[in-house]
Amino acid sequence: MAGAAANPLLERFGQKRMQQVLVLAGLLLVFIIIHFATGGRFLTKRNLGIIVSHAVIPTFITWGLVFSFTSGMIDLSIGSIVVLASNFAGIMGLKFGYAGLLLGGLAAGVALQALNGVVFLKTKIPPWVAGLGMAMIYESIGAFYSNMAVRRGEMVVSLGSQLRGLGQLPFNVLMLVPGLIAVYILFCRTSIGLNVRAVGSDLRVTKEMGINPNRAKFLGMVVCGIFIGLGSAINESYVGQLLPRTGLTTVATIFQPLTAVLIASSMGAIFNLVIGVVIGTISLSALFNALTLLGVPSGTWQEVVLGILVIAVTVVSMRGEEGVVK
Amino acid sequence: MSRENACVLKVEGLCKNFGPTRAVADVSLEFRAGEVHGLIGENGSGKSTLMGMVAGIHSRDKGRMFKGNQLYDPESPAHANEQGISMVVQELGLVDGLTVAENIFLGKTEQFAQRGVINLRKMRAAAEEAFAAWGITPVPLDALARSLTVEEKKLVELVRALSVDPDVLILDEITAAFSHNNRALLYDLLVKLRDQGKLILFVSHNLPEILELCDRITVLKDGEKVTTIAAEGATEDQLKRLMVGREVKETYFYTPAQTTGSKPVLTVDGISVDGMLHNVSFELRRGEVLGVGGLSDSGIHELGRVLFGLSKPDQGKVILTETGEVIDSLRKAIDRGIAYVPKDRDTEALMVRATIEDNLCLPSTDSFVGRLGFLSPRKRKAFAREQLAAFEIKASGIRQAVNQLSGGNRQKVSLASWLSRPNRILILDSPTRGVDVGITANIYKLIAEVKKQGIGILLISDELPELIGCSDRILIMKNGAVAKVFERAEGFGEHSIVQVMI
């Protein structure tokens, strides 16, 4: 083997920083083009605040997804967990203030994800099937709660004007900082993250290294619950009141975070996955913002764009896989 | 090199079955400290399973093991590591999605953790130190395992096995992945370890290597121990006879090429791939075996991928000489009768979770279409059964999954799937890697037969004797470029070829 300097892999590492700069510069260039296309309304201080603000909740949910999806636990019940955890966070918040809001969301997120982990691992059926079943159950629990509240002549928990700061600028954006630090440490610097990545990449080898794959997957689900819970608490603070939904409509909630995971994965060779998630969610938020500014109707054409983006990003990320397989 | 040191590892009456397949049957052995103990046998003879039980990968159905005087009962490879036993498995044993440093210490990261947070810098430094301490060719520590070559992956696995400072190191077919330079490094390392009083259990099909390195050799056949003999005084023919149960005299089946007056069948015109190949040009003639050899960074394996359309060259062309058509895609290569048997059988050549039938039939799917345009299950089954018998693949039947086969039998499936279809050009990358001596001889015979049909064969190999034994010409590559082409008429001198390689 040739010396280190001549090794193409080592040279590639030298290029990584340059690639990062190029991606960010490319993104900036796209933003500038959008800025002019929208008549100078895109890169304003207020609009940038809106873009980042709208990216906060999806970022926390996507960070959670990173832990479950990486270990192969495709959980479609996450949207329904967000609804339940948001409502529980609201109930606890009204009793105990911001501490209750955060801890309530956290507790519900962790508990429900842990329950999912037990169900997925004990039943051994494909996680996406089990996830759909759990989504139906969680949606129904939400509906029972909603109906009970109505029978009592009450409303589904509503924060009114209380506890709304966490979901607004600048506090919601500030939450990204400890969130990023925590997710980076957990995913990249602890055995939980390492084992989750190992299990998702090669189960046989991971087992041979003495790692218990079920334990690794379960812990991944629990950590996923932490971020889902925090995202739910911020969500409750942002919306004030979140009405439970049925008919598996919560499943759709997952698509935007899923797109962000795909974007992050497609940039995996350039950026750390957890940073890729932030770039992905902000890019998506910026995209929807730009489309709105351009007058593209939401609910139809914006979703068409998201669909095309999901396919395009998957194509890009799978191209890398294809090279590996061949 | 006979030594009479203390028994460090003993296995008694070990048995292991995989469903109806008897893998290891009542094997008892004693291994000494400070010896390199070779394990040989045909594919499916139980070598890897036996070693897997010692390394804690497989549980055993019966029998006992002792390490020193203590009963040894590993629950997992990690547990075996704690007891001072580590193994480099025959299959690729890295997690593709983790970096080199993470792979080396996966499952042992606590040593770098403080309050649960792993110190990546310390882990990386320890990995770097491990490569340096054992004099192993460095591999980029931050690279994901999926970006490494097979050889680099094996180097990482070796470092991982050594990182636990084992008393017993098991190496299963590791040299099959290594080129000349890294083999030399490994041989030196094994001598060093033996001198330190370690036991090395060395599984290989390369008999000259076994005779050169080992103190004692155990022969297995059909899961049973045949014998254990001292390497000193043993001969290759004796080992072959013990392994196969009959005389295996012929090894290479060289027949002169029928190339007089024939046009080249493939023209490689100045191909370059960034950092791997540099302006490579040559012609492959009808009915010849063109051997391709070189050290690990020479680009020989990348060359096969480019010719088959798996990698796109940055410059240059691969031309089907007879028609002038440029081969620029995998589909075109297959449609025009180019076959490729890659080196990395598990990830590149085979669908390991699919059945033998599916694997054998896939490249020849068009030939199984019935009258109404549907695939004929009858034709597929007949074809698969025919190939199973022709290549002597040891399996319970064509419906058995490939990942349940031994390494050598997987290689036979890989070869059979391509060699059984009409080809114009055959690219074989390390075709005898992990294949036993009997089947190796069959493969060489097959190469000679294919050559007689006028098919041009590019034989890429890390085995110099194989290149010398089978080729009409040998193209030696160095640093991604063609260094020299040796003609058989001029005589192939091993020494002169190695001189060009290095």
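**Chains and cavities**

Let's start with the surface: chain B has an accessible area of about 20,300 Å², and 48% of that belongs to carbon and sulfur atoms. Those areas come from the Shrake-Rupley method with a 1.4 Å probe, and for residues only the protein chains shown count as cover.

A quick word on what you're looking at. This is a predicted model, where local features need pLDDT of at least 70, side-chain atom pairs count only at pLDDT 80 or more, and totals for chains, interfaces and linings use all residues. Residues are numbered from 1 along each chain as its sequence is written, chains are lettered from A and ligands numbered from 1 in the order in which they are written, and side-chain values use heavy atoms, with hydrogens and water left out.

Okay, chain B. It has 17 helices and 22 strands, where helices (H or I, at least four residues) and strands (E, at least two) are DSSP runs numbered from the N terminus. Its C-alpha atoms fill a box of roughly 70 × 50 × 50 Å along the principal axes. Of its 502 residues, 59% count as buried, meaning under 20% relative accessible area (1.4 Å probe, protein chains only).

Take one residue, Phe31(B), in strand S2 (residues 21–32). Is Phe31(B) buried or exposed? It counts as buried, because its relative accessibility is 0%. Beyond its neighbours within four places in sequence, its contacts include Leu9(B), His37(B), Leu199(B) and Arg216(B); contact here means heavy atoms within 4.5 Å.

Now chain A. Here we have eleven helices and zero strands. Of the 326 residues, 47% count as buried. Chain A exposes about 15,000 Å², with carbon and sulfur atoms supplying 70% of it.

Last topic, the holes. Rolling a probe the size of a water molecule over the atoms shows where empty space is left. On a 1 Å grid over the protein atoms alone, a cavity is a set of points where a 1.4 Å probe fits but cannot get out, and lining residues have an atom within 4 Å of a point. Points are joined across faces, edges and corners, and a volume is the space filled by probe spheres set on them.

How many cavities of 30 Å³ or more are there? Six. The largest cavity holds about 180 Å³. Its lining has 17 residues, and among those nearest its centre are Glu208(A), Met209(A) and Arg160(B).

Notes:
On a 1 Å grid over the protein atoms alone, a cavity is a set of points where a 1.4 Å probe fits but cannot get out, and a pocket is an open set with protein on both sides within 12 Å along at least five of seven lines; lining residues have an atom within 4 Å of a point. Buried means under 20% relative accessible area, exposed over 50%, partly exposed in between (1.4 Å probe, protein chains only).
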